[in-house]
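Please work through the following exercises with the sequence and the 3D structure open beside you, and try each task before you read its solution.

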Amino acid sequence: MMYQLSDLADVIRSKNSGPYELTFDIIFKTQAIYEAVIKSEAINRESFAALYGIPHGDVMEIVHFDPAKAIKITIVRPICSGDLRETDVYGAQQHVPLMAFSVKMEDAC
């Protein structure tokens with residue numbers, strides 16, 4: 001089945017990780033959902049880079065944090081925080097594309 005992350009997670013957020021990096025957190029509703037998403041391998045460098053239109057090399061790391069049922073993704077910030085061209089200085093509005101990201105997995109809900 002296909003699920004959107006917004007249906008699987010309690011929290012989807014983005015924030016600065018310093019002026020040159022952005023971090024995205026996805027905290028899942030249940031341990032079963034978290035494990036099913038990890039097993040699906042849907043969230044990887046290539047899929048995240050495609051979603052955000054960035055080189056896959058700019059996806060610095062994807063961390064699975066089991067105690068929090070969370071996935072943390074850190075990327076190179078496309079524009080430095082505070083730059084004149086920057087429209088989201090705190091990086092707090094960059095998570096929106098993740099909300100509609102689709103994950104194909106066995107029924108874990």
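**Exercise 1. The enclosed space**

How many nonpolar, polar and charged residues does the lining of the largest cavity have? Find the lining residues, sort them by class, and then say which element gives the largest share.

Solution. Keep in mind from the start that the model is predicted. A search of the whole structure finds one cavity of 30 Å³ or more, and about 30 Å³ of space lies in this largest cavity. The residues that line the cavity are L5, I43, S47, F48, L51, L98 and F101. Sorting them by class gives six nonpolar residues, one polar residue and no charged residues. The largest share of this lining, three residues, comes from helix 3, which covers residues 45-52.

**Exercise 2. The open space**

Describe the largest pocket by its volume, its central residues and the classes in its lining.

Solution. The volume of the largest pocket is about 180 Å³. Its lining consists of 14 residues, and those that lie nearest the centre of the pocket are L22, P78, I79, E86 and Q94. When the lining of this pocket is divided by class, there are seven nonpolar, three polar and four charged residues.

**Exercise 3. The nonpolar core and L98**

Which residues have the most contacts inside the largest nonpolar core, and is L98 buried or exposed?

Solution. In soluble globular proteins, nonpolar side chains tend to be buried together. Here the largest nonpolar core has 27 residues, and those with the most contacts inside it are L5, L8, I26, F28, V37, I73 and L98. The elements that give two or more residues to this core are helix 1, strand 2, strand 3, helix 2, helix 3 and strand 5.

Now take L98, which lies in helix 4. Its relative accessible area is 2%, and because buried means under 20%, L98 counts as buried. Leaving aside neighbours within four places in sequence, L98 is in contact with L5, I12, F24, I26, F48, L51 and Y52.

**Exercise 4. One face of a helix**

Which residues of helix 2 are buried, and why can they be said to line one face of the helix?

Solution. The buried residues in helix 2 are I33, Y34, A36 and V37. Seen down the axis of helix 2, these buried residues fall within an arc of 165 degrees, and so they line one face of the helix. Among the elements that cover them are helix 1, strand 3, strand 4, strand 5 and strand 6.

**Exercise 5. Positive phi in two loops**

Solution. Most residues other than glycine have a negative phi. E41, however, has a positive phi near 60 degrees and is not a glycine, and E41 is found in the loop between helix 2 and helix 3. K69 likewise has a positive phi, of about 55 degrees, although K69 is not a glycine, and its place is in the loop between strand 4 and strand 5. As for accessibility, E41 counts as exposed at 60%, whereas K69 counts as partly exposed at 24%.

Notes: Residues numbered from 1 in each chain as written. Predicted model: local features only at pLDDT ≥ 70, side-chain atom pairs only at ≥ 80, totals over all residues. Heavy atoms only, no water. 1 Å grid on protein atoms, 1.4 Å probe; cavity = no way out; pocket = protein on both sides within 12 Å on 5 of 7 lines; lining within 4 Å. Points joined across faces, edges and corners; volume = space filled by probe spheres on them. Helix = DSSP H or I, 4+ residues; strand = E, 2+ residues; numbered from the N terminus. Nonpolar A, V, L, I, M, F, W, Y, C, P; charged D, E, K, R; others polar. Core = buried A, V, L, I, M, F, W, Y, C linked by side-chain atoms within 4.5 Å. Buried < 20%, exposed > 50% of the residue type's maximum accessible area, 1.4 Å probe, protein only. Contact = heavy atoms within 4.5 Å. Arc of directions from axis to C-beta.
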